[in-house]
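Hi everyone, thanks for coming. Please have the sequence and the structure open while I talk, and stop me whenever you like.

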Amino acid sequence: GIVLEKPENQVWIPGQTMTILRTKNKEDAIVLYMFLRSRVGQKILSNLKTGGTIGNIPSRALRNLKVPLFNETQKRSLI
């Protein structure tokens with residue numbers, strides 16, 4: 001899941017198979033989502049996946065994931 005802010009007056013407990021990615025603003029969340037959904041992003045995630053029938057991406061692999069920095073023009077085109 002991609003989360004913008006800590007939810008107020010709510011407690012969120014992600015399941016064991018979930019990872020929460022936090023962004024500072026809505027634009028960054030959209031850009032991250034669009035990158036991860038792109039062919040390049042899917043290929044990168046596919047290469048990180050472990051397991052056979054049920055794929056899993058280890059948290060440490062996500063922590064080390066290199067996401068390109070997009071300039072404002074590129075961000076606008078993705079959004």
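**A short tour, residue by residue**

Let's start with Tyr 33, which you will find in helix 1, residues 26-37. Keep in mind as we go that this is a predicted model.

Now please move along to Lys 75, in helix 4, residues 72-78. Lys 75 has a relative accessibility of 16%, and the cut-off for buried is under 20%, so Lys 75 counts as buried. Which residues does Lys 75 touch, leaving aside those up to four places away in sequence? They are Asp 28, Val 31 and Phe 70.

Next stop, Leu 62, which sits in helix 3, residues 59-63. Again leaving aside residues up to four places away in sequence, Leu 62 touches Thr 19, Leu 45 and Ile 57. Have a look at Leu 48 as well: Leu 62 and Leu 48 are 14 residues apart in sequence, and their C-alpha atoms are 8.3 Å apart in space.

Finally, a word on confidence. The protein averages a pLDDT of 84, and 100% of the residues score at least 70. Among the elements, helix 2, residues 39-48, has the highest mean pLDDT, 91, while strand 1, residues 2-3, has the lowest, 74.

Key:
Residues numbered from 1 in each chain as written. Predicted model: local features only at pLDDT ≥ 70, side-chain atom pairs only at ≥ 80, totals over all residues. Heavy atoms only, no water. Helix = DSSP H or I, 4+ residues; strand = E, 2+ residues; numbered from the N terminus. pLDDT = per-residue confidence, 0-100. Contact = heavy atoms within 4.5 Å. Buried < 20%, exposed > 50% of the residue type's maximum accessible area, 1.4 Å probe, protein only.
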